[in-house]
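Open your viewer, and let us take a short walk through this model together. At each stop you will get something to select and a note on what is there.

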Amino acid sequence: MRIRGFIGAGGAALREWRCMKSGGGLDAIQQAAQDQFARQSHRYGSGHILARVEDVRQAVEPLRLPDGAAVLDVATGAGHTGLYLAESGCRVTLTDLADAMLDRAREEAARRGLQVEFRRHSAESLPYAGGTFDLVICRVAAHHFSAPEQFVSETARVLRSGGAFVLIDGSVEDGQVEAEEWLHQVEKLRDPSHHRFLTPSAWTALCEAAGLRVIQARLSPFKQPDLEWYFETADTPPANRERVRELVREAPAAARSLFRVAEEEGRTVWWWQRLTLVARRSSP
């Protein structure tokens, strides 16, 4: 299956990649993500940076969801996003490819006394009837998806008329081709289950093609923990760690400037460009 990726504001598709099928109905990219997060699920608990959900609150509050809104949290990980929405009164279904991640989310839901549903499936094939959800949300996960256009198409299908799609993920400013390629190399070495960051214009194009009207696509800087923390979180192999350090030392000016790569007290830090995209499914 051929999937096209997008970079820059020019609208041209500049990259292609192949998704090779592996066993169990998952393609190779999905299998890599499932394996990685099954191994590393213990690192995504209450102390993880994703446990801070202010970005979710800021994205969702203006939507004025109905009481008891039906919410689908795609690639929930340890459940931080979906459980926050459940605490806000939504009826939430948390999904992930990795059983171990869902187990972490179950434990936290039980600790908080929350009633939520758990389902294991990929982001590219959502096993729900059309028009099921008021909100589909996906936070800091879509760069692992093998077919982002299929994910967006499925999202549009399962949303009710007027329903909302919220995507929060790493991204790269349109037109920053050199910086994007540098970051892709770094992330792929750090965590081989990483697939691709898409630019705001690429995500917007996918939404529009699926019948979703984008009402916000905003980039904001987000300071990452130091590089060694990142290595530990992904259990990066030693050889890959050294190659990433080399890429940081030799980072092109475009990447060093855009991501604010710096040394602070002997630690390597940079600022992700975090995309918050909000879209609506048009009413008939």
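Start by selecting Thr-236: does this residue count as buried or exposed? Thr-236 counts as buried because its relative accessibility is 2%, where buried means under 20% relative accessible area, exposed means over 50%, and partly exposed is in between (1.4 Å probe, protein chains only).

Before moving on, a word on the model. This is a predicted model, in which local features need pLDDT of at least 70 and side-chain atom pairs count only at pLDDT 80 or more, while totals for chains, interfaces and linings use all residues. Residues are numbered from 1 along each chain as its sequence is written, and side-chain values use heavy atoms, with hydrogens and water left out.

**Around Thr-236.** Thr-236 sits in the loop between α8 (227-234) and α9 (238-249); helices (H or I, at least four residues) and strands (E, at least two) are DSSP runs, numbered from the N terminus. Now show what touches Thr-236. Setting aside neighbours within four places in sequence, its contacts (heavy atoms within 4.5 Å) are Leu-189, Arg-190, Tyr-230, Phe-231 and Arg-241.

Next, select Glu-228 and Arg-245. They form a salt bridge, with the closest N and O atoms 3.2 Å apart; the term means a side-chain nitrogen of Lys or Arg within 4 Å of a carboxyl oxygen of Asp or Glu. Glu-228 lies in helix α8 and Arg-245 in helix α9, so this pair ties together parts 17 residues apart in sequence. Glu-228 is partly exposed, with a relative accessible area of 36%, and Arg-245 is also partly exposed, at 26%.

Select Arg-196 and Glu-181, whose side chains meet in a salt bridge (3.3 Å, N to O). Arg-196 is in the loop between α6 (177-190) and α7 (200-209) and Glu-181 is in helix α6, so the pair ties together parts that are 15 residues apart in sequence. Arg-196 counts as buried at 10% relative accessibility, whereas Glu-181 is partly exposed at 27%.

Which residue does Asp-55 form a salt bridge with? Select Arg-274: its closest N–O approach to Asp-55 is 2.7 Å. This pair links distant parts of the chain, with Asp-55 in helix α2 (residues 54-60) and Arg-274 in strand β11 (residues 271-281), 219 residues apart. Both Asp-55 and Arg-274 are buried.

**Last stop.** In total, the model has 24 salt bridges.
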